[in-house]
Amino acid sequence: MVKKEIIKVTQNTLSGPIEKEYTILIGENAKDNTELVKESDPDDIWFHLEKESSPHIILKTDNNYISQELLKQTASKLYKYKNQHYLDNVIYTQVKNVRITKTPGLVVPSNITVINYNKLKKYL
């Protein structure tokens, strides 16, 4: 079953701070992970632990600006849903850069960006 979570981010604008909500989707198993990628928009952002098996997380962008702060908040959720504490980095890329394979849950991402674990500690 795919889990859904809302992340709230305060953004400063010319008219003052506004709170914006973003949706993340979390796959709980290989089948969910494959479906998440298939059903996501090409510009949504896919997250995974760099060298460990982990859930896939999709940040729904809805064509909005995505700040580094939001990327880090979303990336830190992988540690929560992994249910174990790893010191592994997180990788992310747009869904259009994630190729699904014939093996459920296994994907081949390209054009990835790495977020170092040490930069995520404050969100854990």
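Contact here means heavy atoms within 4.5 Å. All views show a predicted model.

View 1. Beyond its neighbours within four places in sequence, Val37 is in contact with Trp46, His56, Val95, Val98, Ile100 and Val107. Val37 has a relative accessible area of 5% and is therefore buried. The C-alpha atoms of Val37 and Gly105 lie 9.3 Å apart, although 68 residues separate the two in sequence.

**View 2. The largest nonpolar core, with 22 residues.** The members that touch the most others are Ile45, Phe47, Leu59, Ile66, Leu70, Leu71 and Val90. At least two residues come from each of strand 1 (3-13), strand 2 (16-26), strand 3 (45-49), strand 4 (57-59), helix 2 (68-82) and strand 5 (90-94). Helix 2 contributes the most, namely six residues. Apart from neighbours within four places in sequence, Leu71 contacts Ile45, Phe47, Leu59, Ile66, Tyr92 and Ile115. A separate second core has nine residues, among them Leu36, Trp46, Val95 and Val107.

**View 3. Salt bridge between Lys77 and Glu5.** The closest N and O atoms of the pair are 2.7 Å apart. Lys77 belongs to helix 2 and Glu5 to strand 1, so the pair ties together parts 72 residues apart in sequence. Glu5 counts as buried, at 13% relative accessibility. Through shared partners, salt bridges join Glu5, Lys77 and Lys80 into one network.

**View 4. Salt bridge between Lys3 and Glu28.** The N to O distance is 3.4 Å. Lys3 lies in strand 1, whereas Glu28 lies in the loop between strand 2 and helix 1, 25 residues apart. Lys3 is partly exposed, with a relative accessible area of 31%; Glu28 is also partly exposed, at 43%.

Technical notes. Residues numbered from 1 in each chain as written. Predicted model: local features only at pLDDT ≥ 70, side-chain atom pairs only at ≥ 80, totals over all residues. Heavy atoms only, no water. Core = buried A, V, L, I, M, F, W, Y, C linked by side-chain atoms within 4.5 Å. Buried < 20%, exposed > 50% of the residue type's maximum accessible area, 1.4 Å probe, protein only. Helix = DSSP H or I, 4+ residues; strand = E, 2+ residues; numbered from the N terminus. Salt bridge = Lys/Arg side-chain N within 4 Å of Asp/Glu carboxyl O.
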